[in-house]
Protein chains: 2
Amino acid sequence: MPGRRRGRRPASEDTRTVLIEAARAVFTEQGYAGATVRQIAARAGMDPSMINHWFGGKDALFTEAVLQLPFRPADIAASVLDGPVEELGERFVRTVLRVWDSAGGGQMTAVLRSFASNNEAVQAFREQMLDKVFLPLAERLQVEDAAFRATLCASQMAGLALARYALALEPLASADPETVVTAIAPNLQRYLTGDLG
Amino acid sequence: MPGRRRGRRPASEDTRTVLIEAARAVFTEQGYAGATVRQIAARAGMDPSMINHWFGGKDALFTEAVLQLPFRPADIAASVLDGPVEELGERFVRTVLRVWDSAGGGQMTAVLRSFASNNEAVQAFREQMLDKVFLPLAERLQVEDAAFRATLCASQMAGLALARYALALEPLASADPETVVTAIAPNLQRYLTGDLG
């Protein structure tokens, strides 16, 4: 996770950033159901009313702090254009894995666990992961069945997060990132550009 | 789900079967956290004490009713021997999908949702899915890195359950089973017998 950025920005954005970082830490530790607005505010050194003021409540803060993927769809599209299409699967898995691993897997575990008790989290995940990442990616490639391919990609990447972090299935959980990239990337590549029969 | 079997078996097994079927229905409807021993007993038309008597409590009943895969590892091994190894991925995905779809996906959604609040469910899933199905299967094939391949298979199949049932990502969620088999099977086959780099 990036450190808190300082300077240059207006105070209001600082407040949001501090709350988001506190929320991310508390949601990761306690899970969605266990975390409270009061705990998050205490971690941020602010009054709980600030969470309602800036985010409108716990659900929206969770979406902002935990479900936001740490890259923009535009960056994904850029990476498609930046390199050979046939290495797209590899670049994609490597990028996502680096982000997830750097948070120790806790962020993805919090996301997956939130699905049990938070339908808004399910909806937000669907929008963030499917509508903003996989679907534009598949559409950019101008392949047939882009929507179906996007959901197949989502199934593999969500399953990877589940197996590596939330379920901690060994030896996948402790495998070197490049070993995982090499193992998974060709399957993702097939979902994106291969023959699905 | 199969109908309640009758006759031939001793009364004690009937009691267990009735409780397991009631539990499966209630866990599927309410989720692990929401279901109570009292609700399950009421559904079965029995006293709640019977659940403690026969299963020792809610956790163990959940394991028995929901986490048990409806096929035995020995049957999987048999299916490997029964047909060409290169069609193993296809047979496997088709078999599992038929079982999951026939329960309307509710059973797998209940399993996935239970992970958030029940560490015993995580452990049981690990044992049922990984230790009793994928690992023996990979070992039977005498491929290198059997344990790693088994976890890759688990990642794809758990991700499929998550995407198709719990998250209901369209168009994967409503896709014809054979379309899903054709799309997923080659990827599972690669994890089982292919070159992982």
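Is Glu90(A) buried, partly exposed or exposed? Glu90(A) is partly exposed, at 34% relative accessibility. Here buried means under 20% relative accessible area, exposed over 50%, and partly exposed in between (1.4 Å probe, protein chains only).

1. Basis. This is a predicted model: local features need pLDDT of at least 70, side-chain atom pairs count only at pLDDT 80 or more, and totals for chains, interfaces and linings use all residues. Residues are numbered from 1 along each chain as its sequence is written, chains are lettered from A and ligands numbered from 1 in the order in which they are written, and side-chain values use heavy atoms, with hydrogens and water left out.

2. Salt bridges overall. The rule asks for a side-chain nitrogen of Lys or Arg within 4 Å of a carboxyl oxygen of Asp or Glu. It gives six salt bridges over all chains. Side chains of opposite charge can pair when their charged atoms come close.

3. The Arg94(A) network. Salt bridges link Glu90(A), Arg94(A) and Glu178(A) in a network. Arg94(A) pairs with Glu90(A), with the closest N and O atoms 3.0 Å apart. The two are four residues apart in helix α6 (residues 88–102) of chain A, so about one helical turn separates them. Helices are DSSP runs (H or I, at least four residues), numbered from the N terminus. Arg94(A) is partly exposed at 24% relative accessibility.

4. The link to α10. Arg94(A) also meets Glu178(A) in a salt bridge, 2.7 Å from N to O. Glu178(A) lies in helix α10 (residues 177–193) of chain A and Arg94(A) in helix α6, so this pair ties together parts 84 residues apart in sequence. Glu178(A) is partly exposed, with a relative accessible area of 36%.

5. A pair in chain B. Asp101(B) and Arg164(B) form a salt bridge, the closest N and O atoms being 2.8 Å apart. Asp101(B) sits in helix α6 (residues 88–102) and Arg164(B) in helix α9 (residues 146–166) of chain B, so the pair ties parts 63 residues apart in sequence. Arg164(B) is buried at 6% relative accessibility, whereas Asp101(B) is partly exposed at 23%.

6. The interface. Contact (heavy atoms within 4.5 Å) joins 39 residues of chain A to 39 residues of chain B. Across this interface the rule finds zero salt bridges. On the side of chain A that touches chain B, the elements giving two or more residues are α7 (106–114), α8 (119–140), α9 (146–166) and α10. The largest share, 13 residues, comes from α9(A).
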